Amino acid sequence: MIIKDVTVIDGTGGVPRAGMDVLIADGRFADIRPTSTDTDTSSTPAGEPELDGHGGYLLPGLWESHTHLRDYGAPLPEPDRFAHLQDVLAGYLAEGVTSVCDLGGMPELSPKLRDASKADPAVASLFTSEAVFTGIDGWPVTGLVGHRPGVMEVGSADDAGRYLQGLSLDEVDYVKCMFDGKPGGGQRLPRPALEMIIAAAHEAGKKVLVHIATGADMREAVLAGADCIEHSPVPCDPGDLSEAEELAGLMADAGTLYCPTVATWEQLAYGAYPDYLDRLITDGILTPDGAEEIKARPTYGQPFPKHPAEECRVRFEYAMRTLPIFHEANVKLVAGSDIARVMPTPARALLRELQLFAKAGVPNSTVIASATGRAAEKVGKQAATGTVAVGSVADAVLLDADPVADISHLIDQRHVRAVVSSGHIVQR
């Protein structure tokens with residue numbers, strides 16, 4: 001198909017290009033050129049549609065770069081899980097999220113679900129890791145008894161080496177390491193083991209995403225070669241921004257990406273308070289009916305294990321104050337929402353993350369890049385997807401208003417004119 005006379009926002013953070021024709025063929029962007037008034041449509045594949053993009057804005061499909069599909073599948077009977085998670089991926093796509101990165105899902109289902117998603121343009125493309133490393137009794141298995149699926153507990157570099165020998169890194173999209181120095185948990189993954197895992201993953205051409213709790217964790221993970229830091233830290237002193245300034249400089253020098261998951265800390269800090277739901281209604285994330293549905297959930301108002309609300313409040317407020325510091329230091333920010341405990345849909349949690357980035361003072365062009373080109377870069381897929389560029393997979397969102405001028409034009413679903421998945425128009 002051809003999308004005619006549209007403004008292209010390519011997902012790199014660059015200047016939008018107005019008055020462009022975007023040709024899609026074989027599921028990829030085939031050409032991007034100044035629009036023509038020529039009525040000759042011979043360059044359009046036979047039988048394919050032409051979309052009028054005049055007055056519209058075309059940007060890459062959004063990426064949810066940090067979620068956990070286990071949260072949506074595990075409560076269901078085992079025979080129902082696969083179909084339900086396909087519905088979850090279809091729900092993401094309907095709201096403009098064309099790619100989803102699962103950072104701790106259901107290892108018994110993840111490979112099958114990922115393969116099915118790649119063959120089905122009616123669901124978001126899934127990227128997964130069946131390689132998750134943590135310390136002995138470390139997060140997220142601290143205190144759990146019995147089988148701990150999908151997590152490799154490592155007490156030494158020798159342990160890491162044994163696990164790596166039995167693991168085919170060619171079969172995973174990326175590797176995740178839990179490098180959590182928070183008091184009260186199990187052992188932290190030893191740094192020599194982390195360095196060994198990162199070296200092995202990089203040799204196999206895979207990115208390593210490192211979950212942290214403290215600034216010290218961040219510092220060591222960056223020095224060990226982490227590709228992306230997952231979560232904003234518990235600060236040593238919430239009133240002192242110098243720790244964030246030092247970390248931002250370190251990450252910028254190393255080229256380490258940063259996925260702060262601020263929507264997670266906001267939900268865990270304030271989600272039990274009715275005025276928080278009112279705030280989400282005001283911000284267009286939630287409707288009054290949706291608020292009533294959330295209040296009826298069994299988890300509503302319940303504390304989250306190992307993350308007290310007060311600690312989450314500190315992490316949220318510190319993250320919001322320091323996001324501009326990381327941006328100004330040229331650290332590449334990446335959007336990932338992690339959980340959706342107080343959100344109407346999983347996709348809406350990502351949209352809240354983007355909204356919070358903008359509220360913190362991150363420029364809208366950077367906010368868009370954080371959920372498109374940079375998200376693809378985070379997992380090493382930027383050569384093939386995440387941007388509106390010739391040769392890239394044709395995943396896109398067509399809006400009727402400019403999201404660079406006002407990020408609400410991306411958040412508010414009423415502005416979404418069309419969603420394209422691998423060159424196919426999605427029935428929303």
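**Helix packing in close-up**

**View A. Packing of helices H4 and H5.** The axes of helix H4 (residues 157-165) and helix H5 (residues 191-203) approach within 8 Å and cross at roughly 25 degrees. Helices here are DSSP runs (H or I, at least four residues), numbered, as are strands (E, at least two), from the N terminus. Axes are lines fitted to C-alpha atoms, for helices over the stretch in contact, with angles running from 0 to 180 degrees between N-to-C directions. H4 and H5 are therefore roughly parallel (under 35 degrees; over 145 is roughly antiparallel, 65 to 115 roughly perpendicular and the rest oblique). Ala-157, Ala-160, Gly-161 and Leu-164 of H4 meet Pro-192, Ala-193, Met-196, Ile-197 and Ala-200 of H5, contact being heavy atoms within 4.5 Å. This contact comprises 8 nonpolar, 1 polar and no charged residues (nonpolar: Ala, Val, Leu, Ile, Met, Phe, Trp, Tyr, Cys and Pro; charged: Asp, Glu, Lys and Arg; polar: the others, Gly among them).

The model is predicted: local features need pLDDT of at least 70 and side-chain atom pairs pLDDT 80 or more, while totals for chains, interfaces and linings use all residues. Residues are numbered from 1 along each chain as its sequence is written, and side-chain values use heavy atoms, leaving out hydrogens and water.

**View B. Packing of helices H6 and H7.** Helix H6 (residues 215-224) and helix H7 (residues 242-254) have axes that come within 10 Å and cross at roughly 15 degrees. H6 is therefore roughly parallel to H7. The crossing of H6 and H7 is left-handed. From H6, Gly-215, Met-218, Arg-219, Val-222 and Leu-223 meet Glu-243, Glu-246, Leu-247, Leu-250, Met-251 and Ala-254 of H7. The residues in this contact are 7 nonpolar, 1 polar and 3 charged.

**View C. Packing of helices H7 and H11.** The H7 and H11 axes come within 10 Å and cross at roughly 40 degrees. The two helices are therefore oblique to each other. Their crossing is right-handed. Glu-243, Ala-244, Glu-245, Leu-247, Ala-248 and Met-251 of H7 meet Tyr-318, Thr-322, Ile-325 and Phe-326 of H11. By class, 7 residues of this contact are nonpolar, 1 is polar and 2 are charged.

**View D. The kink in helix H11.** H11 (residues 309-328) has a kink of about 40 degrees at Thr-322, shortly before the proline Pro-324. The bend at a residue is the angle between axes fitted to the seven residues ending there and the seven starting there. Just after H11, Asn-330 adopts a positive phi of about 70 degrees.

Key. A crossing is left-handed if the near helix is turned anticlockwise from the far one by less than a right angle, and right-handed if clockwise. The expected span of a helix is 1.5 Å times one less than its number of residues.
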